Amino acid sequence: MARQEIIIGTAPQGLGGDPPRVASMKINAMTQELYDSLPTNAAPLAVNRGGTGGKTASEARLSLGLVPAASNVDITAGCLLVPGSGGVLGPPVAITNANGVTFLGGTRGVFSGTDDQCAAANYPSLGGGSIQRRWYIQTDLLDGTSCIQTATESIGAGTIPGRKFTRTLQGGWRPWVEDATLSNATLDPQTAGGLMSRTVVGGVAIQKFASGAMRMMSTITSSQVIAANSVGAIIQSMPAGFQAIDGLSVTAQPATSVDAYGVIFPVATSVTSFTAYVRNGPTAQTFTLRYIAEGRWR
């Protein structure tokens, strides 16, 4: 009802005002309306009057449109998160196949098993056979038919923590591609998919790059005696094979006299060896070769 004004009349006696009965009736009517509007267990206050519209917490959530998701993998638009949804307040979902439809509704999964099982279950396979690995898989949905998955290697025999792989679902799953991280950047590009690597084999530094380039630099090689005033051929093998040699630089250090011409020219005789032709001076002496070979491993 509209507010009822109690007429108090003119001062000082209140002449012309409402008599006590009329004033009391107005007061009763307004307080009755206020009393009737108070919520009770049987009649909760409606939402349009500032209430929840429910007698229980679940009824109140329903009246307010606060509908919780049916599970931690329910992706219905407008639903409230439940423990585990979006990886919040819940453990990762244990899964056996990264392609599983159920898992696509969640955000995280964990898989433990052998590398062979990983391959069968569409996880990144590092070719370790019976090596036990654990993968944390995260799925980010783009729409109803496409998503992005990232797999991070965490623990297990022979693992390199921090290695991460990515793939996408768009008209079918695309292959896993390893991301470049500090954990894998220096792995052998030829055998382990790294960006660059350096190893020393028999005193020869071998550098490989993801582009396919490879370089070998010797610190010291075997020596050979060259007769006085003659040209000697020194054959040198290399500890790793190139697919092709693009450049070869060789120096010959004399052991006794600097009166020598050194390397006339080197020639690659195969992808794993070369011959350096050395012209000596008037003193027979030993020469030590050092070389830099550049080429490709693929």
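**Reading strands and their surroundings**

Guide: Strand E11 and strand E14 (residues 273-279) pair in the antiparallel sense over seven bridges. This is a predicted model, in which local features need pLDDT of at least 70 and side-chain atom pairs count only at pLDDT 80 or more, while totals for chains, interfaces and linings use all residues. Residues are numbered from 1 along each chain as its sequence is written, and side-chain values use heavy atoms, with hydrogens and water left out.

Visitor: What makes two strands pair, and which residue in E14 is the bridge partner of Gly232?

Guide: Strands of a sheet pair through backbone hydrogen bonds, either parallel or antiparallel. Strands (E, at least two residues) and helices (H or I, at least four) are DSSP runs, numbered from the N terminus, and two strands pair if DSSP finds at least two bridges between them. In this case the bridge partner of Gly232 in E14 is Val278.

Visitor: What is the order of the strands in the open sheet, and which strands stand at the edges?

Guide: The open sheet has three strands in the order E11-E14-E13, with antiparallel pairing. Strand E11 (231-237) and strand E13 (262-268) stand at the edges, and because each has a single partner strand, one side of each is left without a neighbour in the sheet. From one strand to the next, the twist averages 20°, where axes are lines fitted to C-alpha atoms and angles run from 0 to 180 degrees between N-to-C directions.

Visitor: How many bridges join E8 to strand E9, and how many residues lie between E7 and E8 in their hairpin?

Guide: Five bridges join E8 to strand E9 (residues 213-218), and these two run antiparallel. Three residues lie between E8 and E9 in a hairpin whose turn contains Gly212, with a positive phi of about 105°. The hairpin of E7 and E8 has two residues between its strands, and Gly202 in that turn has a positive phi of about 60°. Strand E7 (residues 196-201) pairs with E8 in the antiparallel sense over six bridges; as for individual positions, Thr199 stands opposite Ile206 in E8, and Lys208 stands opposite Met214 in E9.

Visitor: Is Ile206 buried or exposed?

Guide: Buried means under 20% relative accessible area and exposed over 50%, with partly exposed in between, using a 1.4 Å probe and protein chains only. Ile206 counts as buried because its relative accessibility is 5%, and its strand, E8 (residues 204-209), is mostly covered, with five of its six residues buried. Leaving aside neighbours within four places in sequence, Ile206 is in contact (heavy atoms within 4.5 Å) with residues including Val201, Met216, Pro239 and Ala240. The C-alpha atoms of Ile206 and Met217, eleven residues apart along the chain, are separated by 6.7 Å.

Visitor: Which side chains does a polar contact join to that of Lys208?

Guide: A polar contact is a pair of N or O atoms within 3.5 Å; within protein, one must be able to donate a hydrogen and the other to accept it, and residues adjacent in sequence count only if both atoms are side-chain atoms. The side chain of Lys208 has such a contact of 3.3 Å with that of Asp188 and another of 2.7 Å with that of Gln190. Lys208 is itself buried, with a relative accessible area of 11%.
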